[in-house]
Protein chains: 2
Amino acid sequence: MARTVSERADVIPLIAEAFRDLGYDGASMSRITERTGLGKGSLYHFFPGGKEEMASAVLAEVDEWFDRHIFVPLRELPPREAIDGMWIAVNTYFLSGRRVCLVGAFALDETRDRFAGVVADYFWRWIEALADALCRKGYDSERAHALAEEAVIGIQGAIVLSRALDDEAIFARALQRMAARLAG
Amino acid sequence: MARTVSERADVIPLIAEAFRDLGYDGASMSRITERTGLGKGSLYHFFPGGKEEMASAVLAEVDEWFDRHIFVPLRELPPREAIDGMWIAVNTYFLSGRRVCLVGAFALDETRDRFAGVVADYFWRWIEALADALCRKGYDSERAHALAEEAVIGIQGAIVLSRALDDEAIFARALQRMAARLAG
DNA sequence: GTCTATACAGTGATAGAC
DNA sequence: GTCTATCACTGTATAGAC
């Protein structure tokens with residue numbers, strides 16, 4: 001077994017995927033060890049706080065990704081272009097519904113209480129950024145917020161349903177319907 | 001400590017709530033013991049198959065509840081009345097978004113693979129029953145199925161978002177928007 | 001930085017007294 | 001039917017050699 005020296009930043013995406021697939025409780029240290037290829041020693045070296053610190057790091061990275069690729073463009077790009085880009089980014093990121101939203105999954109069980117601030121903030125910023133783009137597109141603030149809320153709800157629900165029925169087409173159809181509604 | 005004799009049927013709702021709050025992995029035997037007030041001996045007496053049998057029993061009960069209170073009415077009652085009744089039942093059952101959908105939560109992690117058939121069947125029957133009512137209401141089959149799919153997605157997403165932001169109003173608003181869309 | 005060894009609390013599960 | 005005692009195993013976490 002070769003000793004491959006890793007960096008903390010390289011390990012986080014692997015841990016993130018473990019949490020997405022298995023949930024917070026389901027992702028045990030041994031499962032994370034399997035997926036990262038790192039022993040417990042290395043893992044605790046990078047994350048002295050253990051599992052909770054791993055989840056925090058993962059959430060921070062997810063947050064940062066959405067900020068850069070979705071929230072900031074929604075605020076700064078021309079609204080039509082930004083919203084089109086959001087649908088593409090969402091479809092790519094969630095692998096057509098096969099990949100779960102980590103924050104949404106955490107929201108469903110007691111894990112939410114551990115990371116309540118980050119969880120709420122993530123969704124709040126998403127809705128606000130999308131509503132901002134919709135306002136600049138011509139909607140009044142109330143209508144923009146309603147549409148933004150509905151879109152974020154639709155994405156989360158589409159992930160649940162497409163996974164439940166194991167059918168990517170559900171995710172694709174949901175995204176198309178929502179894109180049409182926001183465009184119209 | 002008084003020995004209160006229980007029946008299997010009385011225990012299932014308590015176990016269901018444990019799974020909803022904690023997830024499949026998070027609901028350990030000791031946590032289930034706490035919530036049911038039953039020792040492991042009694043629990044394994046009722047469910048010799050352990051946790052997996054408990055989850056199966058819980059899923060079967062959920063299935064049966066939705067069949068009786070939502071799916072059958074959608075097929076047999078006048079469509080307008082049935083759909084109105086569905087929104088009320090959904091709002092009551094999910095406690096305005098505070099209570100998680102057990103099947104939806106299971107769908108998000110590896111628990112889905114354990115109960116893939118039941119999970120898929122639950123959502124499939126919901127969509128089909130709602131589409132049936134919408135057809136009888138005048139929509140063509142394709143449009144009815146799209147609306148039904150969108151409604152089920154919206155309910156699941158609304159649960160995620162209202163829990164994430166800890167805000168029941170989100171669930172209420174989502175239900176109102178969807179009810180209006182199906183009525184219009 | 002990575003590993004192995006280890007501690008010990010908690011896990012699902014079983015057996016048997018009452 | 002309910003409990004307690006106990007099982008083997010896995011959980012998170014730590015210490016120390018390399």
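Mentor: Start with a term. Buried area is the accessible area (1.4 Å probe) that two parts lose on being put together, summed over both. The model is predicted, so local features need pLDDT of at least 70 and side-chain atom pairs pLDDT 80 or more, while totals for chains, interfaces and linings use all residues. Residues are numbered from 1 along each chain as its sequence is written, chains are lettered from A and ligands numbered from 1 in the order written, and side-chain values use heavy atoms, without hydrogens and water.

Trainee: How much area is buried between chain A and chain B?

Mentor: Contact means heavy atoms within 4.5 Å. By that rule, 41 residues of chain A are in contact with 41 residues of chain B. Carbon and sulfur atoms give 59% of the buried area, which comes to about 3,400 Å².

Trainee: Which three residues supply 20% of the area that chain A buries against chain B?

Mentor: Look at chain A's side of the interface with chain B.

Trainee: Which residue forms a salt bridge with E149(A) at 2.7 Å?

Mentor: E149(A) sits in helix α9 (residues 141–164) of chain A. Helices here are DSSP runs (H or I, at least four residues; strands are E, at least two), numbered from the N terminus. Leaving out residues up to four places away in sequence, E149(A) touches I127(A), L161(B), I170(B), R173(B) and R177(B). The salt-bridge partner, with the closest N and O atoms 2.7 Å apart, is R173(B).

Trainee: Is E149(A) buried or exposed?

Mentor: Buried means under 20% relative accessible area, exposed over 50%, and partly exposed in between (1.4 Å probe, protein chains only). E149(A) has a relative accessible area of 8%. Therefore E149(A) is buried.

Trainee: Which residue forms a salt bridge with D132(A)?

Mentor: D132(A) is partly exposed, at 25% relative accessibility. The closest N and O atoms of the pair are 3.8 Å apart. D132(A) lies in helix α8 of chain A and its partner in helix α4 of chain A, 57 residues away. The partner is R75(A).

Trainee: How are α4(B) and α5(B) oriented to each other?

Mentor: Two packed helices are described by the angle between their axes and the distance between the axes. Axes are lines fitted to C-alpha atoms, for helices over the stretch in contact, and angles run from 0 to 180 degrees between N-to-C directions. Helix α4 (residues 51–76) and helix α5 (residues 79–93) of chain B pack at about 155°, with axes 8 Å apart. Angles under 35 degrees count as roughly parallel, over 145 as roughly antiparallel, 65 to 115 as roughly perpendicular and the rest as oblique, so α4(B) and α5(B) are roughly antiparallel.

Trainee: How many nonpolar residues are in the contact of α4(B) with α5(B)?

Mentor: Among the residues in contact are W65(B) and F66(B) of α4(B) and M86(B) and Y93(B) of α5(B). Ala, Val, Leu, Ile, Met, Phe, Trp, Tyr, Cys and Pro count as nonpolar, Asp, Glu, Lys and Arg as charged, and the others, Gly among them, as polar. The contact has no polar and no charged residues, and its nonpolar count is 12.

Trainee: Is A27(B) buried or exposed?

Mentor: A27(B) is in the loop between α1 (8–26) and α2 (29–36) of chain B. Beyond four places in sequence, A27(B) touches A18(B), F19(B), L22(B), I32(B) and K51(B). At 0% relative accessibility, A27(B) counts as buried.

Terms used:
A salt bridge is a side-chain nitrogen of Lys or Arg within 4 Å of a carboxyl oxygen of Asp or Glu.
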